[in-house]
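Subject: Structure for you to look at

Hello,

Here is the structure I promised you. Please open it first, then read my notes beside it.

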Amino acid sequence: MTTIEPPAGDGMRVTPLEGFPPFEKWSDWTELDAKAWPRRVEKHYSLIPTICFNCEAACGLVAYVDHADGRVRKVEGNPYHPGSRGRNCAKGPATINQVNDPDRILYPMKRKGPRGSGEFERVTWDQVLDDLAGRIRTAIQEGRLTEVMYHIGRPGADGYMDRILQAWGVDGHNSHTNVCSASARLGYSLMTGHDRPSPDYANAKFILLISAHLETGHYFNPHAQRIQEAKMNGAKIAVMDVRLSNTASMADHWIAPRPGTEAFLLLGVAKVILDEGLQDDAFLRDWADWRGWLRGHDAAGGSYEDFLSGLRALYEDVTPEAVAEECGIDAEVVRTLAHEIGAAGSAFSAHVWRSTASANEGGWCVARNLQLVSTLVGAVGSVGGTNPNGYNKFVAKPFAARGPQQVWSELLYPREWPLSHHELSFLLPHLLKSGRGRLDTYFTRVYNPVWTNPDGLVWIEALRDESLVGCHAALTPVWNETARWADYVLPMGVATERHDLMSQETHAAKWIGFRQPVLRRYREAKGERFEWTWEANPGEVWEEDEFWIALSWRIDPDGSLGIREFFESPYRPGERVTIDEYYRWIFENSVPGLPEAAAAVGETPYEYMQKRGAFLVEDEVYDSHAAPLAPESLVDVVHDEDERVVKKDGKVLGVVREDGTVCAGFPTPSKRIEIWSSTMAEWKWPELADPCYVPSHVREEVLDRDRSEFVLNSTFRLPTLIHTRSANSKWLTELSNTNPVWIHPSDARRMGVRTGDLVKVETRIGHYVNKAWVTDGVRPGVVACSHHLGRFRQRGEPQGVNRWQQHESDIVESGDGVYRIARTGSVHAFESDDPDSKRVWWREGGVHQNFTFPVQPDPVSGMHCWHQKVRVTKAGADARYGDTVVDTNKSMAVFEEWLARTRPAPGPDGLRRPLHFKRVLRPVESAFLLP
């Protein structure tokens, strides 16, 4: 993509988009009012940049603020943004729907009836802050530092809450990651120490996507652009997915193996590469820990050639024919993949996110084996290859941060899963109900676990029990199924109403994006001043950043807890920091090159970011592992000539290349890519120390096809939806408003099912009824159903979820843990300030299937294994669309089954977890020791 310099002459690159307003006119842009045609009526706008908040890609947006009334009229892409380059998917412009949603929460609300009644009343922010601050202050004073928990869905920010929670001294950060990507993160981390890939798609010659449709993957929009560019330049694309996604339909190869066998297929590809000598020996000699592999196989002191021979012998049985039998594909597919990858060499880009890695027991092996293939051909950190994410993500450091907390919460990281990459978030209600602890104050933030997670009814059982959860505050832009069970529902801003910093590994560069409340920015430019963002937002909608500052200030009013000092202004000692000061300090001190770029155009760094919304920190980032270490870091090091490393204090510090350069290497114990993992061996999984294949919990052998048993694929998303946050968008809902069960024609014929017929899908803990969609776009023996839809509210509930998607239901508990859910109303047109609400034509709204999924935590990674073994039959005459039955007693029993298969800590030296592993909100090292 060619670029031009903007008129401002500031060195920022801007993607040329035909017809987009030039930068110098953003403060007063004139357009003709389309609704006034044929009259020529001018409309004047201020264009204010921000960042999309409808997924984690952090694409740039520009809001058009109407000078006539000060309202946001539309939202478009920001051509100054290095990742998205002004091009956005449907979810970005749909932000305007969220701003104007007639059902959005505009004021803080407090429960006034029994928990779960749905009865709330409006309160002030001062009341909210006083109550919550008092609870948290008492918990801290009494040493209950694991009873305050912040539970995040999509963060939409980098590191902000780490600083808050560590200032409080609590171990309280929970996330959604173990229902999303934690499995793949473990696989990548075992090899390189980095937990995510950053493919350089634009320069690739061959691309392998183990994923669903691009429009639903991580960082999909910036990735999709660059994959399209690569394809236009001649690159070939292969998609591995049991479902014919939109992306698969455009690929050169669609590969649909049996669910859960993808790791075995990748080992077959690795074998062909090794057998035919397609590997990159120069890369492997320098950067693979082949010496460690030899030690792990009792061959210490052997040569590189011995390593290659041993690796070939290890996988001698994983022939293309063996792969064909296990995976249910043609053997020639394996050879073709290997040859294409071998020919691309270091220009082979690959990615796995969710998909099979999140779906199957042993799914972490998929990421690990994919990294093995990339390593063999030297496609790590290379032009056209796959960077580790750490090369391309930039996180700016804030001012004054407190040190790590002193405690460890086993509600977050239970000892049974010492290798879990993130918190065991989806098990929180099961752990609470098992007597492992309680929560005094629980925050859910942009998170809807009752609806998003598996086993949602167990979540309800825990959230309604005030002995388990003392106070629950839901910080959310929209009403949702979890907010019903909260004590406070606190309205938080959408993309145009909040401050955040975001940086994502979208391509081979580093950038930072600035989300800002555009109405506040617009009104301050006109001379108004505000203490808090909620004063400028619709109603009293606030933002988390300021909320946490205000709450922390009240928790420690006199500074005696040591919290207050971390929320004092770096410019006005002793006074509370403002949000402008917080980001001003970061832009002045923590973003390389930004002060200089701002000075070149006569602006402060803060003004520069307010006007442009993004900054390119570094371009063309490759081979960071080969960066030489600074000479001052090499003082008092010990050279290990046999291992070709330098050590300090007994630990490997850097890798010595053939030319004698000491390089940073990778963040693994050996500083190299670890094909054999000493971590797996030392932490009670020696049989999994090599890249391997763990048969799935839904492998073919456990299915009774005569009983009409299938694998249910529930991990794919619809391109226009993203969990809870897109539900209050009328445009997105009109595009996607139902989620039928995909069934292959051969399976449908056997069951006597046609498109539109009702089918009953039975899991281990219950069943649901949905409509069938008969299609060739899914592998035979597999059914698929997206999890985005089926939003509901209980009959008679005063506040609903949202009327664009929600239907009304009865949830009836029989008293013995069995719940029956039946629809009592459909989606329909409604009266509101939005005239489009009268035009709602869709009725179904989809079926919520996650209630019927028991938790299935992988014994190694802890990731929920989303695929379900199900029985699918044509529904009986008395069945109705959306009927659901769940037995939570069976849910808890399944949890105990999977729990029993773990290999708990302690590991070496009595540790809870390997010290070199990442951990969100990492505590002091002494906390890693089990009592």
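How many of the 14 residues of H7 are buried? The count is 13, so helix H7 is mostly covered, taking buried to mean under 20% relative accessible area. Keep in mind throughout that this is a predicted model.

**The helices**

Helix H7 covers residues 262–275. From its first C-alpha to its last, H7 reaches 20 Å. That is close to the 20 Å expected at 1.5 Å a residue. After H7 comes Gly277, with a positive phi near 65°.

Now look at helix H17, residues 456–463. Here eight of eight residues are buried. They are Gly456, Leu457, Val458, Trp459, Ile460, Glu461, Ala462 and Leu463. Note that Glu461 is one of the buried residues of H17.

**The whole chain**

The protein chain holds 26 helices and 34 strands. Its C-alpha atoms fill a box of roughly 75 × 75 × 65 Å, taken along the principal axes. The radius of gyration is 27 Å. A compact globule with 931 residues would have a value near 30 Å, so the two agree.

Of the 931 residues, 65% count as buried.

**A four-stranded sheet**

Next, find the open sheet with the strand order S21-S22-S23-S24. The pairing is antiparallel. Which strands stand at the edges? They are S21 (638–640) and S24 (662–663). Each has a single partner strand, so one side of each is left without a neighbour in the sheet. As background, strands of a sheet pair through backbone hydrogen bonds.

Walk through the pairs:

- Strand S22 (residues 645–648) runs antiparallel to S23, and four bridges join them. Val645 stands opposite Val655 in S23.
- Strand S23 (residues 651–656) pairs with S24 over two bridges, again in the antiparallel sense. Val655 stands opposite Cys663 in S24.

The hairpin of S23 and S24 has five residues between its strands. In that turn, Gly660 has a positive phi of about 90°.

Ala630 lies in the loop between strand S20 (614–619) and S21. Is Ala630 buried or partly exposed? Its relative accessibility is 33%, so Ala630 counts as partly exposed. From Ala630 to Asp545 there are 85 residues in sequence and 36 Å in space, C-alpha to C-alpha.

**Aromatic rings**

How many aromatic pairs does a search of the whole structure find? The search finds 38. Take Trp742 and Trp773 as an example: their ring centres are 4.8 Å apart and their planes stand at 90°, so the pair is edge-to-face. This pair links distant parts of the chain. Trp742 is in strand S26 (residues 741–743), and Trp773 is in strand S28 (residues 766–774), 31 residues apart.

The two partners fall into separate classes. Trp742 has 12% relative accessibility, so Trp742 counts as buried. Trp773 has 34%, so Trp773 counts as partly exposed.

There is also a cluster linked by ring pairs. Its members are Trp125, Tyr150, Trp168, Phe443, Trp532, Trp542, Phe547 and Trp548.

Two arginines lie over rings. The charged end of Arg791 sits over the ring of Trp451, 4.7 Å from its centre. Arg484 lies over the face of Trp485, at 5.8 Å from the ring centre.

**One serine in a loop**

Last, find Ser382 in the loop between helix H14 (364–376) and strand S14 (386–388). Ser382 has 10% relative accessibility, so Ser382 counts as buried. What does Ser382 touch, not counting residues up to four places away in sequence? The answer is Asp200, Ser346, Asn387, Tyr622 and Asp623.

Best wishes

Note on methods: Residues numbered from 1 in each chain as written. Predicted model: local features only at pLDDT ≥ 70, side-chain atom pairs only at ≥ 80, totals over all residues. Heavy atoms only, no water. Pairing = 2+ DSSP bridges. Phe/Tyr/Trp six-rings, centres within 6.5 Å; stacked < 30°, edge-to-face > 60°. Buried < 20%, exposed > 50% of the residue type's maximum accessible area, 1.4 Å probe, protein only. Lys NZ or Arg CZ within 6 Å of the ring centre and 35° of its normal. Expected span 1.5 Å × (residues − 1). Contact = heavy atoms within 4.5 Å. Rg over C-alpha atoms; globule rule 2.2 N^0.38 Å.
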